[in-house]
Amino acid sequence: SRKFGLTCDNITAVSIVTPDGALRTASAKENPSLLWACQGGGGGNFGIVTDFTFKTHRAKSAAYYFLNWPWSQASQALAAWQKLTATASPDLCPFFSLTTGDGSPEVGSIGQFFGSESELREALKPLTDVDGASLTIGTKKYVDLMQQWAGCSKESVHSCEKATPVSFYGASDYVQKAADSAGREQMIKAIEERQGKGKGALLFDGYGGNINKVKPTATAFVHRDQLYCIQYYAEPASKHEDKSTQRWIQSARERLSDYVSGQAYQNYIDPKLKSWKRAYYGKNYDRLVQVKTHYDPDDRL
């Protein structure tokens with residue numbers, strides 16, 4: 001996304017069955033407001049999309065990396081990652097994670113880079129300079145790399161397409177300014193609170209690059225001035241752990257409430273999010289309601 005933009009930024013047209021039963025084309029020339037709404041405000045709100053037209057990008061191969069540190073270095077590693085994400089070339093797509101582990105919590109970063117392995121090593125120096133860093137890098141064909149990130153690198157493409165559902169709870173927040181030492185400490189404590197009670201994670205998606213070059217109102221996706229997104233993720237150990245798992249998600253969000261922007265990612269649907277209109281859609285909410293009213297006046301969807 002930092003290199004080529006978000007998927008919704010690369011949609012140039014859709015065929016969509018609107019609630020009145022009509023099959024419409026939404027593009028820059030036909031029903032442009034409907035196309036705008038489908039670029040980040042979709043999810044079945046405006047109709048059933050039967051066909052997408054995308055702008056595509058050639059990508060033959062990319063370098064990748066796996067990086068981890070001792071848990072004692074979690075705060076320093078996160079500080080370095082935040083700084084790198086704010087300044088990195090769009091060629092670099094960096095992720096970061098704080099997770100529960102088998103014996104102790106774990107801290108790591110993964111990502112890919114459109115360039116050589118030597119250039120990637122240089123780009124990652126702010127991270128590898130943190131004490132205890134352990135780095136693995138390589139290069140793969142792009143389709144093989146996509147299978148790696150999908151967790152099915154040893155399978156065929158056909159097998160990789162088969163879903164393996166996992167039950168989990170999740171929520172999200174955006175961070176606009178790098179968390180200070182107090183904020184990072186709260187993130188670390190959230191994971192330490194979950195350790196030994198089931199799988200839990202804070203997953204950080206780096207923004208910037210070509211994501212943030214798009215104006216917030218150019219598409220329905222408003223989150224164009226954020227540094228990164230946090231996904232709160234937890235898997236219940238059993239059916240009896242559902243409530244405690246949900247409580248941990250809520251507790252983690254409360255811990256970080258002073259360090260987040262108030263925005264949230266609309267594809268991590270959170271039924272307990274009170275200010276969802278502002279969090280998911282911001283200043284674009286009113287225009288989305290206008291589009292919804294025009295194409296679905298009876299609120300059938």
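Trainee: Where does aspartate 299 lie?
Mentor: Aspartate 299 lies in the segment after α10 (285-295). Helices (H or I, at least four residues) and strands (E, at least two) are DSSP runs, numbered from the N terminus. Please note that this is a predicted model, in which local features need pLDDT of at least 70, side-chain atom pairs count only at pLDDT 80 or more, and totals for chains, interfaces and linings use all residues. Residues are numbered from 1 along each chain as its sequence is written, and side-chain values use heavy atoms, with hydrogens and water left out.

Trainee: Is aspartate 299 buried or exposed?
Mentor: Aspartate 299 is exposed, because its relative accessible area is 54%. Buried means under 20% relative accessible area, exposed over 50%, and partly exposed in between (1.4 Å probe, protein chains only).

Trainee: And what is its phi?
Mentor: Phi of aspartate 299 is near 55°, a positive value in a residue other than glycine. Most residues other than glycine have a negative phi.

Trainee: Which value does phi take at asparagine 31?
Mentor: Phi of asparagine 31 is near 50°, again positive in a residue other than glycine. Asparagine 31 sits in the loop between β2 (23-27) and α1 (32-38). It counts as partly exposed because its relative accessibility is 23%.

Trainee: Changing topic: where is proline 236?
Mentor: Proline 236 is in the loop between β10 (228-234) and α8 (242-255). With a relative accessible area of 21%, proline 236 is partly exposed.

Trainee: What is proline 236 in contact with, leaving aside neighbours within four places in sequence?
Mentor: Proline 236 is then in contact with Ser167, Phe168, Tyr169, Glu241, Asp242 and Thr245. Contact means heavy atoms within 4.5 Å. By comparison, the C-alpha atoms of proline 236 and aspartate 298, 62 residues apart along the chain, are separated by 39 Å.

Trainee: What does methionine 187 touch, its neighbours within four places aside?
Mentor: Its contacts include Leu98, Leu202 and Phe204, as well as Leu78 and Tyr228.

Trainee: Isoleucine 191: which helix is it in?
Mentor: Isoleucine 191 is in helix α7 (residues 181-194), and it is buried, with a relative accessible area of 0%. Beyond neighbours within four places in sequence, its contacts include Trp71, Leu98, Leu202 and Trp248. The C-alpha atoms of isoleucine 191 and asparagine 210, 19 residues apart along the chain, are separated by 31 Å.

Trainee: Now the whole chain. How many helices and strands are there?
Mentor: There are 10 helices and 10 strands. The radius of gyration is 20 Å, close to the 19 Å that the globule rule gives for 301 residues, so the chain is as compact as a globular protein of that length. That radius is taken over C-alpha atoms, and the rule is 2.2 Å times the number of residues to the power 0.38.

Trainee: How many of the residues are buried?
Mentor: Buried residues make up 44% of the 301.
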